[in-house]
Amino acid sequence: MKSQSESYKAAGVDITAGYQAVELMKKHIARTVTAGAMSDIGGFGGLFEMDLTGITKPVLVSGTDGVGTKLKLAFLMDKHDTVGIDCVAMCVNDIICCGAKPLFFLDYIAVGKNFPEKVAAIVSGVAEGCVQSGAALIGGETAEMPGFYPEDEYDLAGFAVGVVDKDKILDNKTMEAGDVVIALPSSGVHSNGFSLVRRVFDVENADIKTPLAELGGKSLGETLLAPTKIYVKPMLALFEEVKVKAVSHITGGGFYENIPRSIPKGFGAKIDKSALRIPPIFKLLAEKGNIPERDMFNTFNMGVGMSVVVAKADAEKALEILKANGEDAYIMGEIIPSEEGVVIC
């Protein structure tokens, strides 16, 4: 018989609901099992055996993040099976910037009240993100915290670990003027800037479920809730065949904060604004919120979820590889001598 506590339940924590949630999520977790996954969900630690074949100097790369206030949209839409993809994406897209292959992922879900079906839906999204990135979901934690979170709300965060051969860690020291900056399109707003998004659209009081012509027939809620794209597999394919000099995950801070993080001192990225494929949601945001263009590019990804720098001679091959792996990538700029970091013109 499983443990139970009527006293704890009276205080708002139903541990039997936790057991039910674990049972419901197991089928989703099973989708993520890889060769290295050794542990069943429910133990005290997640075990993973690394296959170091072909790796002479293994270096572990870790990343952690959450979904942020985008979760408010999930609450309003009562849709909980995609935010887990966002959680995984925010972690694995970061570690791929070092050239690392994700190995495993752990999640943390804090709820006001444990509704097993809702928790299982959240984990189904986490599992989908893990499948998309080739990572095993080897553990996690669901914490029921009555009085801390409202009953219908929750928070979601995660942690990923990857591995890269020390000699293959991306190194921008060979970057030079004339190198090409490639854009990998985003799926929308991704998981950043939602405090501003929510204020602009007043989502708590607005109609976010009616289809809008300016959003291609999708509703505002559906558009904003579109999960963050995961770039791991296309990027790993690119690393195999092309010398990649730098990768930037375009998250909070937009172009101006993220692209310079991968560019050495003395150089900058000149971005051709006319080349950018900016989705309608960003134009709607700018218009409705009266947001200056500089602020838009310093807050949102503006349709570019990841940027990649390669030598000009490798650009065509890089584009071919990315497109063969499902990414409609395109050239959006070049590296120039500059101290400004990013120049958009």
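# Reading a predicted model, feature by feature

Biologist: Asp78 is placed in the loop between helix 3 (71-77) and helix 4 (83-95). What value is its phi near?

Modeller: Please keep in mind that this is a predicted model. In general, most residues other than glycine have a negative phi. In Asp78, phi is near 50°, which is a positive value in a residue other than glycine.

Biologist: Is Asp78 buried or exposed?

Modeller: Asp78 has a relative accessible area of 58%, so it is exposed.

Biologist: What is the phi of Met302, and where does this residue lie?

Modeller: Met302 has a positive phi of about 55°, although it is not a glycine. It is found in the loop between helix 11 and strand 8. With a relative accessible area of 6%, Met302 is buried, whereas Asp78 is exposed.

Biologist: Let us turn to aromatic rings. How many aromatic pairs does the structure hold?

Modeller: A pair of aromatic rings is described by two quantities, the distance of the centres and the angle of the planes. This structure holds 5 aromatic pairs. One of them joins Phe255 and Phe297: the centres of these rings are 5.1 Å apart and the planes stand at 85°, so the pair is edge-to-face. The cut-off behind this reasoning is that planes over 60 degrees apart count as edge-to-face.

Biologist: Which parts of the chain does this pair link?

Modeller: The pair links distant parts of the chain, 42 residues apart: Phe255 belongs to helix 9 (residues 254-258) and Phe297 to helix 11 (residues 293-297). Both Phe255 and Phe297 are buried.

Biologist: How are the rings of Phe282 and Phe300 arranged?

Modeller: Here the ring centres of Phe282 and Phe300 are 6.1 Å apart and the planes are at 55°, so this pair is tilted. Phe282 lies in helix 10 (residues 280-289), while Phe300 lies in the loop between helix 11 and strand 8 (304-310), so the pair ties together parts that are 18 residues apart in sequence. Phe282 is buried, with a relative accessible area of 1%. Phe300 is buried, with a relative accessible area of 1%.

Biologist: Which charged ends sit over a ring?

Modeller: Two cases may be examined in turn. The charged end of Lys113 sits over the ring of Phe115, at 5.8 Å from the ring centre. The charged end of Arg294 sits over the ring of Tyr256, at 3.6 Å from the ring centre.

Biologist: How many disulfides does the count come to?

Modeller: A disulfide is a covalent bond between the sulfur atoms of two cysteines. In this model the count comes to 0 disulfides. The cut-off needed here is that the two sulfur atoms must be within 2.5 Å. For Cys87, the closest cysteine sulfur is that of Cys91, at 5.4 Å, which is too far for a bond. Cys87 counts as buried, at 0% relative accessibility, whereas Cys345 is partly exposed, with a relative accessible area of 47%.

Biologist: In which sense does strand 5 pair with strand 9, and over how many bridges?

Modeller: Strand 5 (residues 180-185) and strand 9 (residues 330-337) pair in the antiparallel sense over 4 bridges. Ala183 stands opposite Tyr330 in strand 9, and Val180 has Glu334 in strand 9 as its bridge partner. Strand 9 pairs with strand 7 (residues 267-271) in the antiparallel sense over 5 bridges. There, the bridge partner of Ile271 is Gly333 in strand 9.

Biologist: Which residues do the domain annotations cover?

Modeller: These annotations come from a record. An unreviewed UniProt entry gives the feature "domain: PurM-like N-terminal" for residues 59-164. In the model, this span is 36% helix and 37% strand, and its end C-alpha atoms lie 5 Å apart. The UniProt feature "domain: PurM-like C-terminal", from an unreviewed entry, is placed at residues 176-344. That span is 32% helix and 21% strand, with its end C-alpha atoms 19 Å apart.

How values were computed:
Residues numbered from 1 in each chain as written. Predicted model: local features only at pLDDT ≥ 70, side-chain atom pairs only at ≥ 80, totals over all residues. Heavy atoms only, no water. Phe/Tyr/Trp six-rings, centres within 6.5 Å; stacked < 30°, edge-to-face > 60°. Helix = DSSP H or I, 4+ residues; strand = E, 2+ residues; numbered from the N terminus. Buried < 20%, exposed > 50% of the residue type's maximum accessible area, 1.4 Å probe, protein only. Lys NZ or Arg CZ within 6 Å of the ring centre and 35° of its normal. UniProt positions renumbered as here; feature names shortened; annotations may be inferred. Pairing = 2+ DSSP bridges.
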